[in-house]
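Work through the exercises below with the coordinates open. Try each task before reading its solution.

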Amino acid sequence: MALVKIPAEGKTLSSRTAVTSFLAAHGIDYETWTPSHPVASDAPAEDVLGAYAGEIDELKARGGYVTADVIDVKPDTPNLEMMLAKFSREHWHDEDEVRFIIEGRGLFHVHPSDGPVFAIEVEAGDLIRVPRGTHHWFDLCGDRRIRAIRLFQDVSGWTPHYTDSGVDKGFEPVCFGPAYVESR
Ligand SMILES: [Fe+2]
């Protein structure tokens, strides 16, 4: 279950209704899907895509997505910092950013044009669709682990347009869910 934090308002949302309706008001679709197809932590991407073929097909039909892949990041992923640096600067895409989290956690920051920046901490079972054009950035949580299915409307895949606004620098890339607050 995702959590939402709005730092400027000192607010954290944790109930399903509050999270879903807050995100919907910002055009972000949020659902939870039980990861009902257990796949081993080290299973190759093809196996993950195969196991979730039914869900992927449903999403493709719903949103016009043409291709799917699996992003699989662990603390020992080669060039991890370089990869994360691409995600953690404010950017937007010409297409929706759709992620279904299978394992691990992550932190999206969203910078709406008409309100304060908010953070969404996602975990396994969360399906999120950030609409095209939305300014956002992404960080991993302290455990540096995420595995997620990504869907794309363009076969060329993940293309960021960086804003270079510097807004991202004003927000700590720190997760705030129950697994993280205790250690801070
Ligand atoms: Fe993005």
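Predicted model: local features only at pLDDT ≥ 70, side-chain atom pairs only at ≥ 80, totals over all residues.

Residues are numbered from 1 along each chain as its sequence is written, and side-chain values use heavy atoms, with hydrogens and water left out.

**Exercise 1. The iron site**

Identify the protein donors of the iron ion and classify their arrangement.

Solution. 
- Step 1: apply the cut-off. Donors are N, O and S atoms within 2.8 Å of the metal (3.2 Å for Na, K and Ca); water is not among the atoms, so sites may look incomplete.
- Step 2: list the donors. They are His91 (NE2), His93 (NE2), Glu97 (OE) and His136 (NE2), at 2.0 to 2.1 Å from the iron ion.
- Step 3: read the spacing. Along the chain the donors follow H-x1-H-x3-E-x38-H. Glu97 sits in strand β6 (residues 97-111) and His136 in strand β9 (residues 135-140), so this pair, 39 residues apart, links distant parts of the chain. Helices (H or I, at least four residues) and strands (E, at least two) are DSSP runs, numbered from the N terminus.
- Step 4: check the angles. Four donors count as tetrahedral if all angles lie between 85 and 135 degrees; four count as square planar and six as octahedral if opposite donors are over 155 degrees apart and all others between 65 and 115; anything else is irregular. Here the 4 donor atoms subtend 81 to 171 degrees, so the arrangement is irregular.
- Step 5: check burial. Buried means under 20% relative accessible area, exposed over 50%, partly exposed in between (1.4 Å probe, protein chains only). Glu97 is buried at 6%, and His136 is buried at 1%.

**Exercise 2. The nonpolar cores**

Which residues of the largest nonpolar core touch the most other members?

Solution. 
- Step 1: define the set. A nonpolar core is a set of buried Ala, Val, Leu, Ile, Met, Phe, Trp, Tyr and Cys residues joined through side-chain atoms within 4.5 Å.
- Step 2: The largest core has 28 residues, and Val4, Leu23, Phe118 and Ile120 touch the most other members.
- Step 3: Contact means heavy atoms within 4.5 Å. Beyond four places in sequence, the contacts of Ile120 include Val4, Leu23, Ile28, Phe108 and Ile128.
- Step 4: look for another core. A second, separate core of 14 residues includes Leu59, Tyr65, Val98 and Ile149.

**Exercise 3. Salt bridges**

How many salt bridges does a search of the whole structure find?

Solution. 
- Step 1: A salt bridge is a side-chain nitrogen of Lys or Arg within 4 Å of a carboxyl oxygen of Asp or Glu.
- Step 2: count. The search finds 15.
- Step 3: take Arg62 and Glu31. Their closest N and O atoms are 2.8 Å apart. Arg62 lies in helix α3 (residues 53-63) and Glu31 in strand β3 (residues 29-32), so the pair ties together parts 31 residues apart in sequence. Arg62 is partly exposed at 48%, and Glu31 is partly exposed at 28%.
- Step 4: take Glu123 and Arg105. Their side chains meet at 3.1 Å, N to O. Glu123 is in strand β7 (residues 118-123) and Arg105 in β6, so the pair joins parts 18 residues apart in sequence. Glu123 is partly exposed at 21%, whereas Arg105 is buried at 17%.

**Exercise 4. Helix α1**

Which residues of helix α1 are buried, and which elements do they pack against?

Solution. 
- Step 1: in α1 (residues 16-25), Val19, Phe22 and Leu23 are buried.
- Step 2: down the axis, these fall within an arc of 95 degrees, so they line one face of the helix. The arc is that of the directions from the helix axis to the C-beta atoms.
- Step 3: on the other side, Thr17 and Ala25 are exposed.
- Step 4: the buried residues pack against β1 (3-6), β2 (11-13), β3 and β7.
- Step 5: Gly27 follows α1, with a positive phi near 80 degrees.

**Exercise 5. Two long-range pairs**

Where do Ala2 and Pro116 lie?

Solution. 
- Step 1: Ala2 is in the segment before β1 and is buried at 0%. Ala2 and Gly106 are 104 residues apart in sequence, with C-alpha atoms 9.8 Å apart.
- Step 2: Pro116 is in the loop between β6 and β7 and is partly exposed at 33%. The C-alpha atoms of Pro116 and Pro7 are 8.1 Å apart, across 109 residues of chain.
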